[in-house]
Amino acid sequence: MLLGSIEAGGTKFVCAVGNENYQIKDQITIPTTSPAETLQKTAAYFKKFAVEAIGIASFGPIEVRQTASNYGFITDTPKAGWQNTDFVGYLKKQVDVPMFFTTDVNGSAYGEYVMSLLSNENINSLVYYTIGTGVGGGAIIDGKLVGSLGHPEMGHVLLKRHPADLEFAGVCPFHQDCLEGLVSGPTFEARLNKAGKDVPLTDPVWDIMSYYVAQAALQVTLILRPDKIIFGGGVTSEAFLKKVRRDFAKMLNDYVHVPALDQYITLPEIQNNGSATVGDFALAQRLLRE
Ligand code: ZN
């Protein structure tokens with residue numbers, strides 16, 4: 001069986017074809033240019049393979065409610081030219097197979113969930129955050145993606161400010177100092193005038209960052225009580241998560257039980273940003289079974 005995966009990001013589309021064991025058989029990267037050009041190249045790629053279904057994990061915001069008139073659209077995204085793009089509708093005209101359409105973080109969350117089942121990790125739920133150009137989060141509970149009015153927007157929760165960071169306005173165009181506004185990749189430029197990759201872990205800004213990310217982990221712990229919280233994306237690293245676990249432990253103050261923190265707050269299990277691809281294959285396969 002051949003399944004398709006589209007990981008649609010703001011800078012590139014990663015398209016892949018794989019089998020029912022989530023093994024990648026072929027993969028290409030298409031730069032994200034105009035919607036017409038990008039989607040045309042994407043469709044042309046999948047026409048070469050006899051895929052039975054495609055899972056799509058897209059940047060957003062997107063419309064995921066099947067009853068909505070604009071189901072399958074990228075909606076009011078800040079990405080230039082992509083507002084109100086009929087993503088699924090366009091592709092379906094070119095490649096008429098079942099498609100599962102969800103957010104990039106939901107795709108990654110599902111990939112990590114499927115992987116945990118395969119490794120008998122005994123998990124029913126997890127939350128996946130990505131911290132990169134933006135911040136997003138997806139949750140799986142009992143195998144189901146959470147959200148009915150739309151997909152979650154966990155990157156935009158409001159937080160208590162770090163006492164040494166009160167002057168920083170934040171970079172979110174909607175809320176200024178929400179989680180994304182305080183910890184996304186562009187905050188390094190905004191705070192320090194340099195790229196995050198050039199800021200060593202010894203810089204105090206990382207303690208400010210971990211203070212906020214730990215609050216996100218605390219809140220989602222208290223609201224959903226998931227089995228596991230995963231942090232992916234370009235800003236995260238094991239060394240950074242050590243700080244997050246330290247701050248999280250202080251904030252939680254043993255109020256509720258959680259697993260050992262190095263197993264509870266983790267990097268993705270799947271390497272090389274592959275979580276969403278596995279998730280897409282699994283969601284495509286699930287669509288065929290239903
Ligand atoms: Zn925001």
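**Strand pairing, zinc site and domain contact**

I229 has I265 of strand 12 as its bridge partner. This pairing belongs to a predicted model. Strand 11, residues 229-232, runs parallel to strand 12, and two bridges join them. Both strands sit in an open sheet of five strands, ordered 10-9-8-11-12, with mixed pairing. Strand 10 and strand 12 (265-266) form the edges, each pairing on one side only. Strands of a sheet pair through backbone hydrogen bonds, in either the parallel or the antiparallel sense.

A zinc ion is also present in the model. Its ligands are H156 and H175, each through ND1, and C172 and C178, each through SG. The site is tetrahedral, with angles of 105 to 121 degrees among the four donor atoms. Along the sequence, the donor residues follow the spacing H-x15-C-x2-H-x2-C. H156 and C178 link distant parts of the chain, 22 residues apart. Each of the two lies in the loop between strand 10 (144-145) and helix 4 (179-183). Both H156 and C178 are buried.

The domain assignment divides the protein chain into domain 1 (3-102 + 272-289) and domain 2 (120-266). Over C-alpha atoms, the centres of the two domains are 26 Å apart. Eight residues of domain 1 contact eight residues of domain 2. About 610 Å² is buried between the domains, and carbon and sulfur atoms give 58% of this area. On the domain 1 side, V64, R65 and R286 supply 45% of the area buried against domain 2.

How values were computed
Residues are numbered from 1 along each chain as its sequence is written. This is a predicted model: local features need pLDDT of at least 70, side-chain atom pairs count only at pLDDT 80 or more; totals for chains, interfaces and linings use all residues. Side-chain values use heavy atoms; hydrogens and water are left out. Donors are N, O and S atoms within 2.8 Å of the metal (3.2 Å for Na, K and Ca); water is not among the atoms, so sites may look incomplete. Four donors count as tetrahedral if all angles lie between 85 and 135 degrees; four count as square planar and six as octahedral if opposite donors are over 155 degrees apart and all others between 65 and 115; anything else is irregular. Helices (H or I, at least four residues) and strands (E, at least two) are DSSP runs, numbered from the N terminus. Buried means under 20% relative accessible area, exposed over 50%, partly exposed in between (1.4 Å probe, protein chains only). Two strands pair if DSSP finds at least two bridges between them. Domain bounds come from an automatic or database domain assignment. Contact means heavy atoms within 4.5 Å. Buried area is the accessible area (1.4 Å probe) that two parts lose on being put together, summed over both.
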